[in-house]
Amino acid sequence: MDLSHIFNLKKIAITAFCAVFLVAAHAQEHENTDSASVEPVETETGHADKEAPISETILHHIADSHEWHFWGEGEHKVAIPLPVILVTKNGIVTFLSNKHDQDEHGKEVFEEKGQQLVNFHGGYYYPTAAANHEGEYVVLDQYKVPTNEKPLDLSITKNVASMLISVVVILFVFISIANAYKKRVGKAPKGMQSLFEPIIIFVRDDIAKPQLGHRYKGFMPYLLTVFFFVWINNLMGIIPFFPGGANLTGNISVTAMLALCTFILTNVNGKKNYWGHVFTPHVPWWLYPLMIPVEIIGLFTKPIALMIRLFANITAGHILILSLLSLIFILKSVAAAGVAVPFVLFISVIELVVGFIQAFIFTILSALFIGMAVEEHAEH
Amino acid sequence: MLLALNPLVKPDPGLFIWATVAFLLLFILLRAFAWKPIVAALDERERNIEDALSKAEMAKQEMAKLTSENEQLLKQARAERDAILKEAKELKDQIVSDAKKSAQTEGNKLIEKAKLEINAQKAAAMAEVKSQVVSLSLEIAEKVLRKQFEDQGKQQALVNDLLKEVKLN
Amino acid sequence: MIVGSIAGIGAGLAAIGAGIGIGQIGGKAMEGMARQPEAASKIQTAMLIAAAFVEAVALFGVVVAFLGTGNVG
């Protein structure tokens, strides 16, 4: 695997420049939101609880939400409201998220299409018949998670919207590249075509061919789709403002979906040899009761590790960047920005590399698992 | 439930469904409209490049063959030229030597002829001179004799002398 | 709060192990590449895969720490 043609110096310079620009915007955005969210707490609870709102803010930024937040809090909030789609007992209910976001503590019950609902920290629940002692129409467990039933939330959330944007971008880019290939048969690649061609060839020659051998052709579409889906979304996650900023590949639902695809593809394509390895392992027969469950668990741990690897890597990157920026507000000094912002810049550049490497790892491990499944003869 | 403790690690069914739909849609559309033509084009290009390379290799070999053939031809031509030159030189030498020889013989002949002529001329001249001398001598002798024999006495004397000389041996 | 801190310590310990592991992998890969520069690309791929497997252990630690920290958000 030779990454030098992708990470050459010129491109690094360009990415570094972009990163400076993005981080500056990032810092500005968070300065606004964080100061808004931290300062009221300072006045209320003093220094003791200082860290809780910071980690709350960080988690809030990483988590999914029903709006695309820009800056400001409460009435001065600037955000794109996104449609909420709920599959309730009374049918599908749709409304824009800003219609019912004034109260997020489950204290006001609202009615949409004859269905009573309550908003608790961005989640929609069926309200309880009567409010509890704090005026909330929800029942909380010991971790302050509502135990109420909830409708199936099929909303276009920030992550979904970001994902749809990325899907459109990927479709546009690659279909136009495909048209370029059709139009310029036998000519040298040009523009976007020459930008992505080495990466496509990289996926083919360094991921698919070594892991899948001569069967690589059938799996190329899946591997290419996974690679570019993960990579583009990793990159969009690093962009701190509108078209990006969603922590999509750092969301366990999305990585679970991707890992499930690999899992299904692996097992659907599993040959005799693969299943033989699971149900008749190369051990004495009396070890079968021990080994077969282990092998079956092994089938599931692979995609679960795949899921957690991508989720934790990307989430960790986002948490790191947000934590470094939060230093400014924890230390309550603008001077801290002098340290924090270069650090964030540094981490952002690393995240660009990590975004690529994680896409590569996810794809190559998918190819590895599929390759192990489609292998005809055991090599050992 | 342990998984429900932190929203970060709680799978969200809505997002999961949307992600599945979006990803499958992306996969199907890309497979049909992007990856097939792109991968096919890349394979095609690679095959073309390989073809071109092998063709270039063949052309190179052909070229090498041609060059060696050319060289051989050149060599042959050079040898031929050398042979022709040699032949011409020999011919020239022969002609020159022939010419020399014939010139020599011709010259010799001429010289011989000239010598003969000279000798003839010389002989003629000598004969002329001889005849002239004879006639002159006769004339002189006549004149002398005439003078001598004007007187009888003298004639007698001479006869005597002569008689004296003639000894009847 | 205490549960969270202990989970954090656990995650840190997992990270130590993974750090040592990835360090070993990286170091050996460098050695291998220095010895056989022509095999560098293959070594790089194998190194990344092995590092990803080791890293997964640390990430499991982090995720378990998330599980332990309760509902912060």
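Start by selecting residues 39-94 of chain B: this span is 100% helix and 0% strand, with its end C-alpha atoms 80 Å apart. Helices here are DSSP runs of H or I with at least four residues, strands are runs of E with at least two, and both are numbered from the N terminus. UniProt, in an unreviewed entry, lists those residues of chain B as a "coiled-coil region". Its positions follow the numbering used here, feature names are shortened, and annotations may be inferred rather than shown by experiment.

A quick word on what you have open. This is a predicted model, where local features need pLDDT of at least 70 and side-chain atom pairs count only at pLDDT 80 or more, while totals for chains, interfaces and linings use all residues. Residues are numbered from 1 along each chain as its sequence is written, chains are lettered from A and ligands numbered from 1 in the order written, and side-chain values use heavy atoms, with hydrogens and water left out.

Now show the whole of chain B. You'll find two helices and zero strands. The radius of gyration of chain B (over C-alpha atoms) is 66 Å, well over the 15 Å that the globule rule gives for 169 residues, so the chain is more spread out than a compact globule. That rule is 2.2 Å times the number of residues to the power 0.38. Along the principal axes, the C-alpha atoms of chain B fill a box of roughly 205 × 30 × 25 Å.

Next, pick residues 15-35 of chain B, which the unreviewed UniProt entry annotates as "transmembrane region". That stretch is 100% helix and 0% strand, and its end C-alpha atoms are 26 Å apart.

Residues 219-242 of chain A are 83% helix and 0% strand, with end C-alpha atoms 34 Å apart. Residues 343-374 of chain A are 100% helix and 0% strand, and their ends lie 45 Å apart.

Time for the interface. Contact (heavy atoms within 4.5 Å) takes in 33 residues from chain B and 51 residues from chain A. The two chains bury about 3,700 Å² between them, 81% of it on carbon and sulfur atoms. Buried area is the accessible area (1.4 Å probe) lost on putting two parts together, summed over both. Highlight B:W18, B:F23 and B:W35: in chain B they lose the most area to chain A, together 19% of what that side buries.

Last stop: A:R204. How many salt bridges link chain B and chain A? There are four, counting a side-chain nitrogen of Lys or Arg within 4 Å of a carboxyl oxygen of Asp or Glu. B:E46 pairs with A:R204 at 2.8 Å, crossing from helix α1 (residues 13-148) of chain B to helix α4 (residues 192-212) of chain A. B:D43 also meets A:R204 in a salt bridge, at 3.1 Å, N to O.
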